[in-house]
Amino acid sequence: MTQTDTTTAPETRSFEADVARLLHLMVHAVYSDRDVFLRELIANAADACEKLRYESQADAALSNGETPRITIALDPEAKTLTVSDNGIGMTEADMIEALGTIARSGTRAFMENLTAAKDSEKANLIGQFGIGFYAAFMVADTVDVYSRRAGTDLAHRWTSDGLGTYTIEPAALDDAPAPGTRIVLHLKDDAVQYTERHTVERIVRAQSGHVPVPITLIDKPDGETSEVTDGSALWARPKSEITPEDYTDFYRSLAGQFDAPALTLHYRAEGKHEYNVLAFVPESRPFDLFDPDRKGRMKLYVRRVFITDEAELLPRYLRFVRGLVDSADLPLNMSREMIQDSPLLAAIQKGVTNRILSELDKLAANDADKYAAFWDAFGAVLKEGIYEDFGRRETLLGLARFRGTGPEGWRSLKDYVASMRDNQTAIYFATGTDAARLAASPQIEGFRARGIEVLLLTDPVDSFWAASGVDYEGKPFKSVTQGQADLSLIEPLDGETRSEPAAPEAEAFIGFVKTQLGDAVSDVRASERLTTSAACLVASEHGIDRQLERLLSANGQTPQGAKPVLELNPRHDLVARLSALPDDAALKADGALLLFDEARIADGELPDDTRAFADRLSRVLTQALA
């Protein structure tokens, strides 16, 4: 093997724009807790070791026979901290890709939140995001990275001060691991405590105690090597030997977060298929939870050998779950593509998904407050499954929680059905973006007068699953803004007799309004759902829900021929007075159009022609004051 030529001049490059902005935040902001940097570097080193173990299964020449390890070396006099691993290593191209760009969704949202946060909140935000390698610049003035890719005889050195540029140059093989990566942090003056043995040992045990690669520590140059953690696989140990603190430490190192798991699931599946599962439901919501490209964060192992973190071990609506599956049945030499198409993986996904949903159901039954906190964080994601996973729809509807016009707080559908009025045959809902506005919407008046609870659905996914023909215990979901409101069989709470049919004058006025509006609406009719308002808009019986229509329109998918129905309250004083006017009265025509505009505004929309609306309103007010 020849020695690498190191006479080539270093190449200077600029960081990607998002990296430069992130590094500026790292370097110039003040953090209450910077320990996170060590956890992030150890996690990267462990991943590199796991990748080498995996690739060595297909190419034995990549392995040098050494046990995977991570070494932390301290030099108090030189003020350096070094993290080394004997993992897969990096080529020059790998360095440019891994250290010069951020290929992670949610980066922009993270930086916006970090910029706006108070100093006391910043460390927790960093922990939630897991910024990886770049966390080193919180404690270091300069960072050197030496790396050599397994199977090559080329090594490179990457250097940066985190101020906008970095350099890459060839490195002598004697200066680089063989193979692996060594990261040297030249510490800031206010970070020299990270050269103290007890400080580093405490951080490693607390934050990386269960990384599945042994971690050793050298507390000074030429000092003795001591083992800090043994790299044992926590998930392979009996549950009786594991403390809640152990689970929390492992979760934090695995998920890159500071919070504690809200739910821990650890079991071994036996029988036709054997595999270990260690999964966590976080307490807090990740920044990129709703990113369209975000995938799950479950890792796949085969007999403790890391295979991939891209296998679809869980459906997308459980993408907030962190953890791993270690299979005893999958062959080690299968490609990632073959694994994804494997019937065994499908069986594992089915088993793990069902178990997680079962544990969530137990949590809901045993600890309502804790489940409510979970639902606050992840309910909007779990509801995606109602739309996507037909086979588990009943289970997911049972797990779902809602707020409505009935009792305060989260309510299950079981609670809703138990409180349904006599002769009520449907579960009624209203969709929108603001629960308070929905609760005050005119379409709900008739339901409220009869004591019928209306679910207030404010998550975007609600408009899709609720319109997909779903039912619960034989009770269909029905939008209060769609079709006729058949409330005639349900007695009003105040004991009043049911509404009489509209008077002939009101019926004639409804026809007059329909003529005035023309093609702006699909119909004008007397309303059974209005009690105190004069008008409202609803969708036709076979149309789509009003909120779903708005969502589709916002994405350039306006349904063809979608026109609302205007409902008028024939018992309202305004409608009655307008009905009494002669058809040729200017006020009657203005009043008809203003009723339509009023309904649009109550529905959260603007009038089609705001200038014409202002002119009509001015004429009506002038006549009223004459």
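Analyst: The model is predicted. A search over the whole structure returns 20 aromatic pairs. One of them is formed by W158 and Y166, whose rings are stacked, with 5.5 Å from centre to centre and 25 degrees between the planes. The angle falls under the 30 degrees that limits stacking, and therefore the pair is classed as stacked rather than tilted. W158 and Y166 are both buried.

A second pair, Y428 with F447, has another geometry. The ring centres are 4.8 Å apart and the planes stand at 55 degrees, so this pair is tilted. Y428 belongs to strand β15, residues 427-431, and F447 to helix α15, residues 445-449; the pair thus links distant parts of the chain, its two members being 19 residues apart. Y428 and F447 are also both buried, which means that each has under 20% relative accessible area.

The charged end of R182 sits over the ring of Y146, at 4.9 Å from the ring centre. In the other case, the charged end of R403 lies over the ring of W410, and the distance to the centre is 4.1 Å.

Now the wider structure. The protein has 626 residues, of which 52% are buried. Its secondary structure consists of 21 helices and 21 strands. Of the contacts between residues at least 6 apart in sequence, 72% join residues that are at least 24 apart.

Helix packing can be followed in one example. Two packed helices are described by the angle between their axes and the distance between the axes. For helix α2 (residues 36-58) and helix α6 (residues 197-208), the angle is about 60 degrees and the axes are 10 Å apart. The crossing of α2 past α6 is right-handed. On the α2 side, the contact is made by V36, L38, R39 and I42; on the α6 side, by V200, I203, V204, Q207 and S208. By class, the residues of this contact divide into six nonpolar, two polar and one charged. R39 is the charged one, because Arg counts as charged.

Most residues other than glycine have a negative phi, and most peptide bonds are trans. The peptide bond from A178 to P179 is cis, with omega near -15 degrees. P179 lies in the loop between β6 (165-171) and β7 (180-187). Y166 of the stacked pair falls within the residue range of β6, and R182, the arginine over Y146, falls within that of β7.

N423 is not a glycine, yet has a positive phi of about 75 degrees. Its place is in the loop between α13 (413-418) and β15, and β15 is the strand that holds Y428. N423 has a relative accessible area of 53%, so it is exposed.

E473, again not a glycine, has a positive phi of about 50 degrees. This residue is in the loop between β17 (471-472) and β18 (475-479). E473 has 55% relative accessibility and therefore counts as exposed.

Conventions. Residues numbered from 1 in each chain as written. Predicted model: local features only at pLDDT ≥ 70, side-chain atom pairs only at ≥ 80, totals over all residues. Heavy atoms only, no water. Phe/Tyr/Trp six-rings, centres within 6.5 Å; stacked < 30°, edge-to-face > 60°. Buried < 20%, exposed > 50% of the residue type's maximum accessible area, 1.4 Å probe, protein only. Helix = DSSP H or I, 4+ residues; strand = E, 2+ residues; numbered from the N terminus. Lys NZ or Arg CZ within 6 Å of the ring centre and 35° of its normal. Axes fitted to C-alpha atoms, helices over the stretch in contact; angles between N-to-C directions. Left-handed = near helix turned anticlockwise from the far one by under 90°. Contact = heavy atoms within 4.5 Å.
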